[in-house]
Amino acid sequence: MAHTYNMPVPHSTPTSFHSLTAPKALRLYGIKDDEYEVGEKSMYDCIHKMRTRIMTSPKFNGDRILGAILFEDTMNREVEGLPTAEYLWKKKNVVPILKVDKGLEAEKDGVQLMKPIPNLDTMCDAALANGVLATKMRSVINQADLSGIKQIVEQQFDFGKQIMAKGLVPILEPEVNIKSPEKQEIEAMLRAELMENLKLLRDDQKIMFKLTLPTVDDLYEQLVTHPNVVRVVALSGGYTRAEADALLARQHGVVASFSRALTEGLRDDMTDDAFDTLLDTSIGEIFAASKASGVKKELHAHK
């Protein structure tokens, strides 16, 4: 099933629905812990209801949003009678992206690698069948340990190559812990390793990066302009929306992929008008910060 996405929207922002753990996300949204069972259908029902409210809001559309990152469970559900990915593209002009990682291993060598993804090929096949364009996978760097950082980058690229072989664009997300006292040193080491691994890609292998907003402005400029990189997006990573927007505006060529910052303040008990107004404000502020960064690249057509 081939899908073509032509998205010449240079200042729009990929939106993430997944970054927080489900219980924490629900708690912030105003859903109490006793209203569902962790890991059970009742929890995913609550999560899908929250995400559906965001996706169906008249303020959520492709005018300012480029893509939305989905859990596998969300991809396999429906929104207003359509499969979620189809709804996003056909009704909202927003590119669907699938989160494929299975969570994090325990910390070792200052990093948390991804757990194995034994069914990655199957997930990619399902994603393609649903009209998904790209995938996203996250690991975390906590310390300036070169051995650990090399392992993180190698694992991200290895999975990325497997995903590219399936015809999808992988978004590699080696997140840097913003609370690490070695954050600036970690980011310099990470950039060097990413650049080295990019040298090993063929001309036709295209990837994206989702990276923590760096301490040094424009640290990732070489990644933004690299011919194998479709786009570099930034995660909010625990910063408030105001903090993340201010940092983002200084990173030329980078756009937002914010989850926590996007949904900040949204509550289940809000009226629809209040919910839509706050969502509109959040999207508007993040969009403005992305636009201020002076993005010049466009998301390539992908078949």
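1. In this predicted model, the side chains of Glu285 and Arg241 come together in a salt bridge, with 2.9 Å from N to O. Glu285 belongs to helix α11 (residues 272-292) and Arg241 to helix α9 (residues 241-248), so the pair ties together parts that lie 44 residues apart in sequence. The two partners can be read separately for accessibility: Glu285 is partly exposed, at a relative accessible area of 37%, whereas Arg241, at 9%, counts as buried.

2. A salt bridge also joins Glu193 and Lys150, whose closest N and O atoms are 3.1 Å apart. Because Glu193 sits in helix α7 (residues 183-198) and Lys150 in helix α6, this pair ties together parts 43 residues apart in sequence. Glu193 counts as buried at 12% relative accessibility, while Lys150 is partly exposed at 39%.

3. The structure holds 18 salt bridges, and some of them form a network that links Lys41, Asp45, Asp73 and Arg77.

4. Turning to helix packing, helix α1 (residues 22-29) and helix α2 (residues 41-55) pack at an angle of about 55°, their axes being 10 Å apart, and the two helices are therefore oblique to each other. Their crossing is left-handed. On the α1 side the contact involves Ala22, Pro23, Ala25, Leu26 and Tyr29, which meet Met43, Cys46, Ile47, Met50 and Arg53 of α2; of these residues, nine are nonpolar, none is polar and one is charged.

5. Lys91, placed in helix α4 (residues 84-92), counts as exposed at 55% relative accessibility. Leaving aside residues up to four places away in sequence, Lys91 touches Leu82 and Glu86.

Key. Residues numbered from 1 in each chain as written. Predicted model: local features only at pLDDT ≥ 70, side-chain atom pairs only at ≥ 80, totals over all residues. Heavy atoms only, no water. Axes fitted to C-alpha atoms, helices over the stretch in contact; angles between N-to-C directions. Helix = DSSP H or I, 4+ residues; strand = E, 2+ residues; numbered from the N terminus. Parallel < 35°, antiparallel > 145°, perpendicular 65-115°, else oblique. Left-handed = near helix turned anticlockwise from the far one by under 90°. Contact = heavy atoms within 4.5 Å. Nonpolar A, V, L, I, M, F, W, Y, C, P; charged D, E, K, R; others polar. Buried < 20%, exposed > 50% of the residue type's maximum accessible area, 1.4 Å probe, protein only. Salt bridge = Lys/Arg side-chain N within 4 Å of Asp/Glu carboxyl O.
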